[in-house]
Every structure is written in structure tokens, then in C-alpha cells.
Amino acid sequence: MAKLRCGFFKFTGCAGCQMEILRLEEEFPRLLELIDIAYWPMVTTRGWEGDLDVAFVEGSVSTPRELREIKEIRERSKVVVALGECALTGCIPSIRNFMLQREAEKRVYDHPLWIESIAVRGLDVYIEVDIHLPGCPPHRNTILEVIKGAALGRDPYLRRHSVCIECKLKDNGCLLTDEGRPCMGPLINAGCGAICPSLNRVCEGCYGPMSATNASSHAQILKEIGLSEADIRRKFRKYAGWTPDFRREAE
Ligand code: SF4
Ligand code: SF4
Ligand code: SF4
């Protein structure tokens with residue numbers, strides 16, 4: 001079987017999604033029987049030559065250079081994987097979109113005139129994405145499943161339910177309904193194994209919104225349990241404020 005030529009790219013984000021791939025270290029010897037690392041600046045100095053079978057793209061698009069690069073990646077790759085929430089929705093960097101561009105630049109840089117940046121957006125806004133891997137970062141086993149699926153020529157198995165289902169599978173009590181705590185779990189993609197509620201912490205939403213969430217109804221519930229409007233805005237803004245579902249509640 002021919003090895004898959006894979007590329008790993010970093011746009012605007014914290015590199016945590018790539019670190020999650022590196023955490024597959026025990027699997028790497030077997031993984032390298034399946035894939036050829038054609039491009040990955042974090043682990044090799046090899047330049048990007050030739051086309052790719054699978055491109056993993058971490059991070060959001062927030063500069064003209066990234067915009068040019070994502071289009072080139074699309075042209076030169078059979079499968080493009082949006083790796084993690086920044087690539088899917090803009091995630092934490094997209095909080096910047098809620099203030100004027102110049103104001104954000106002035107807060108961070110001494111010489112903002114040298115900065116070339118655009119609004120922070122997920123990859124979908126600019127290109128067709130084949131596989132969406134939610135999570136900040138996605139769980140390494142999900143990344144492995146995508147690679148296995150590509151090697152075997154099948155779609156990866158990805159969970160389509162909410163964090164609440166994982167929570168129930170663990171037999172957790174509900175922090176929202178039993179204790180009146182502001183959990184975002186009902187709106188959020190599964191995949192983490194409901195880590196936070198299992199440790200008695202509310203879900204903050206780092207796996208991003210499921211499709212067709214009822215965000216306004218959840219905002220009303222958060223209000224009824226005592227959150228202020230500012231806190232509700234922060235909840236929706238934190239990981240996915242720029243998505244169509246969350247944006248109305250985040251503004
Ligand atoms: S999705 Fe989270 S872990 Fe991945 S690059 Fe963005 S901020 Fe970092
Ligand atoms: S604790 Fe949160 S994630 Fe768990 S069932 Fe309740 S609302 Fe859902
Ligand atoms: S429970 Fe929620 S905040 Fe915690 S890791 Fe899972 S998706 Fe992220």
C-alpha cells in the first residue's frame with residue numbers, strides 16, 4: 001500500500017493541535033508505516049514539494065498570507081482537514097473580531113502600521129473543507145481515526161452528538177439541571193469524553209457548537225439561572241462567537 005503524503009500546516013492559533021498529534025508518540029512508529037510526512041515545519045526542515053493526499057491545517061485565517069496559502073493548500077491536496085476549533089470557527093483568536101481591527105492591533109503592537117491582518121475566520125469561509133475535526137485541541141484518537149480512514153479509503157467515524165450524551169454515558173449527574181450551574185454541554189460537540197463535567201466543572205464549549213444548536217434557548221436558560229447579560233455574551237464569545245449559531249448571543 002502506498003503511503004499517504006501528509007502535510008501539517010499552522011495558521012493563527014497556539015500550536016496546541018499540533019502538540020496533540022505529537023502526543024501520539026507511542027503510535028508514531030506504526031503511523032509512519034501509513035504516512036509520509038511531506039511537510040511539517042514543527043518537526044522537519046523539509047520544504048513543501050509536490051501534491052498532498054491529506055493536508056491538516058491548524059489555526060484560523062487572519063492574514064493575507066494565510067489567505068493565499070490556504071487556497072494553494074486546497075489546490076494541491078486531495079483531502080483538507082480543518083484541525084481544531086481555530087480552523088473550524090476561528091475559536092479564541094476570533095474574540096478579536098468583536099473590536100475594531102485598529103484598536104486590537106494598537107493594544108498588542110508598538111507599531112501597528114507594520115501589521116497586515118484581516119478578520120479572523122475559519123477555513124470554510126475561503127475553501128471547501130473535507131473533514132472538520134472539532135476541539136481545542138481535538139483528541140489525538142480522533143486525529144488517528146482520520147489518518148486511518150484516509151489510509152483505508154473510508155470516511156472517519158466522528159461523533160455527532162453533544163457533550164451531554166458523553167456525560168450521561170459516564171453516569172454523571174447534571175451540573176445544569178441538578179445544580180443550576182452554567183454548563184454549555186447541550187450545544188457542544190462530543191469528543192472529549194465530557195472531561196470537565198466528570199471533574200465537577202462546567203463545559204465551557206471548547207469543542208465548538210454542534211450543527212443547528214438552539215443557542216437562544218440556551219441563553220435564556222443561562223439567564224434564568226442567574227448569569228448576567230455580559231457573562232452570557234462571554235460564554236458564547238469564548239470559543240465560537242463568530243459562528244452563525246453563536247454570534248447573535250455573543251454580540
Ligand atoms: S484550536 Fe485550540 S489548541 Fe488548536 S490552535 Fe486553536 S487555540 Fe490552539
Ligand atoms: S453537566 Fe453539562 S454536559 Fe453534563 S449533562 Fe449536564 S448540561 Fe450536559
Ligand atoms: S467538557 Fe466542554 S470545555 Fe471541557 S474539554 Fe469537553 S468540550 Fe471542552
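The expected span of a helix is 1.5 Å times one less than its number of residues. Helices (H or I, at least four residues) are DSSP runs, numbered from the N terminus. The model is predicted: local features need pLDDT of at least 70, side-chain atom pairs count only at pLDDT 80 or more, and totals for chains, interfaces and linings use all residues. Residues are numbered from 1 along each chain as its sequence is written, chains are lettered from A and ligands numbered from 1 in the order in which they are written, and side-chain values use heavy atoms, with hydrogens and water left out.

**Helix 6**

Select residues 140-152. These 13 residues form helix 6, which should span 18 Å at 1.5 Å a residue; the end C-alpha atoms are 18 Å apart, so the two values agree. Colour Ile143, Leu144, Glu145, Val146, Ile147, Gly149 and Ala151: these are the buried residues of helix 6 (under 20% relative accessible area, 1.4 Å probe, protein chains only). Then step to Gly153, which follows the helix and has a positive phi, near 70 degrees.

**The two domains**

Next, colour 4-152 as domain 1 and 163-250 as domain 2; the bounds come from an automatic or database domain assignment. Their C-alpha centres lie 25 Å apart. At the boundary, 16 residues of domain 1 are in contact with 13 residues of domain 2 (heavy atoms within 4.5 Å). The two domains bury about 1,200 Å² between them, with 64% of it on carbon and sulfur atoms. Show Thr89, Phe98 and Pro134, which supply 39% of the area that domain 1 buries against domain 2, more than any other three residues. Buried area here is the accessible area (1.4 Å probe) that two parts lose on being put together, summed over both.

**Ligand 1**

Centre on ligand 1. Around this ligand are Gly13, Cys14, Ala15, Gly16, Cys17, Glu58, Glu85, Cys86, Gly135, Cys136 and Pro137 (a heavy atom within 4 Å). Helix 1 (16-22) and helix 4 (85-89) are the elements that give two or more residues to this shell. By class, the shell has six nonpolar, three polar and two charged residues. Ala, Val, Leu, Ile, Met, Phe, Trp, Tyr, Cys and Pro count as nonpolar, Asp, Glu, Lys and Arg as charged, and the others, Gly among them, as polar.

**Ligand 2**

Move to ligand 2, whose surrounding residues include Cys164, Cys167, Cys174 and Cys183. Helix 7 (residues 163-169) gives the largest share of the shell, four residues. Nine residues of the shell are nonpolar, one is polar and one is charged.

**His218**

Finish at His218, in helix 9 (residues 215-224). His218 counts as buried because its relative accessibility is 4%. Beyond its neighbours within four places in sequence, His218 is in contact with Leu176, Cys183, Met184, Pro186, Leu187 and Phe236.

Definitions and conventions
Buried < 20%, exposed > 50% of the residue type's maximum accessible area, 1.4 Å probe, protein only.
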